[in-house]
Amino acid sequence: MEEKTLAEELTKNLDRGFEKMVRTYQDRMYSFAIRLTGHVQDGEDVAQEGFVRAYRALKSYPGERISSMDLKPWLYRIVLNVFRNRRRGYRPTILPLNEGKAGPGLGAREDASLSPQSLLEVSEGQKQLAKALASLPGKYRVPVILRHMEGLSYGEMSEMIGQPAGTLKSNVHRGLRMLREAWVRQTKEDER
Amino acid sequence: MKQDKQYFFGKSRDFVAELRRWGKTKAPTNFLSAVLRRVGLEDIYFRVDTPIGQVFVASNSKGISAVMRSRNAAAFERSFRERFGRSIHPADEPPKKLIRDVAEQLGGLKRRKMNFDLNSLSDFESAVLHKTLEIPRGEVRPYAWIAREIGRPKAVRAVGTALSRNPVPLLIPCHRVVRSDGKVGNYALGREAKRAVLEAEGVDPDRLESLAEAGTRFYGSDTTQIFCYPTCHQAQRISNEHQVLFKSEQEALQSGYRPCKICRPASAS
């Protein structure tokens, strides 16, 4: 409902609509980017960059295209792409970054950058959860974040990532199981 | 304690709930302005001297976005944020050309073409303000004139409201719009300020009010058979012996006068 009026406003007046759009989605994109990067500062950069790209894209789109757009998944995808491009830029890596085919991809590399101070989390439990999440391969991590932390529907996720909903469902399920296992492992390690 | 946590995450549903709770993080307060600055939509401000004292002028890539009379910079930043919902920063380097343009425009030295950011306004409000821009310095027009000119002759009150919400008073001369009976009327920056600004532009508010008292609405010239608003520069040129006073449009039309094509005191139908 809100989406529709926002898209209409963007067609009528891009600059005003854009401001409203940032206001509406900044919290979502910001937390999404933090979960992706595992860093507060990096997350903020990625989310900002995402909005800047969205603005440039909207500027070049014809009105009919904007009014038929589904803004939320579109923004998530931009932020996700910014994140991936950055990773690619940071280190010319041997690991494939494309989702789906990524082996022990994105996640494994997060660990190094994941110092406890860099995390916003206050409680012990959340810190461990962050660690566990960061250890998850990107193939599972992104769908888990989108589904269970951002609350997107499978339809939206499917449109955004370009995978069938069924694939995503099983990846979320597996990812969640792996996350719990990783979390239990983490807790045990910490106890030692 | 560790055990408690284990128990907490023991159930899958609880685990998901924790994830969801953790997923919500508020973006920092400067997030919006940082994004706006990066796409060139952020506002900066500076001060300018005017006939009614110092005012704060805000501008962004689209043009001038606000003119406000505030006690000090902090008060201005606060009212700007309240009204437009975005933050604003003092100009790192004063935009020299803009300051000069604003000063010349306000001082009546030159007419400068200026851009305005009227994005926060409705289509009607921005039509009213664009029409207001056409009123020359030293002249005034009634609210009803604006309403008629923008094709909404019945929206006289709405015009008043739109003008009271003018984000850039002085530069968009809403002070040049007065009541239909000729009285000066209200102003976004205060009634006294309106008189002061008009006086600085060469309009005598006392004369306007005395004309209003006498019920005179239009000046006609018996040589040309044309009638004008009293402040129209064509009306100023009518010599005393040829000056005819009218109390209403009907009276002028019935005497065989036609409306001036410059100040358009009546629709030229």
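**Two chains and their contacts**

Me: Hi! How many salt bridges are there between chain B and chain A?

Reply: The count between chain B and chain A is two salt bridges, where a salt bridge is a side-chain nitrogen of Lys or Arg within 4 Å of a carboxyl oxygen of Asp or Glu. This is a predicted model, in which local features need pLDDT of at least 70, side-chain atom pairs count only at pLDDT 80 or more, and totals for chains, interfaces and linings use all residues. Residues are numbered from 1 along each chain as its sequence is written, chains are lettered from A and ligands numbered from 1 in the order in which they are written, and side-chain values use heavy atoms, with hydrogens and water left out.

Me: Thanks! Which residue does Arg38(B) meet in a salt bridge?

Reply: Its partner is Glu49(A), at 2.5 Å from N to O.

Me: New topic: what does strand E2 of chain B pair with?

Reply: Strand E2(B), residues 53-60, pairs with E1(B) (residues 43-50) in the antiparallel sense over seven bridges. E2(B) also pairs with E3(B), residues 63-68, antiparallel over five bridges. Strands (E, at least two residues) are DSSP runs, numbered from the N terminus, as are helices (H or I, at least four), and two strands pair if DSSP finds at least two bridges between them.

Me: Is E2(B) mostly covered or uncovered?

Reply: Mostly covered, as six of its eight residues are buried. Buried means under 20% relative accessible area, exposed over 50%, and partly exposed in between (1.4 Å probe, protein chains only).

Me: Last one: how many aromatic pairs are there over all chains?

Reply: A search finds 14. Rings of Phe, Tyr and Trp (its six-membered ring) pair if their centres lie within 6.5 Å; planes under 30 degrees apart count as stacked, over 60 as edge-to-face and the rest as tilted. One of the pairs is Tyr61(A) with Trp74(A), tilted at 6.2 Å centre to centre and 55 degrees between the planes.
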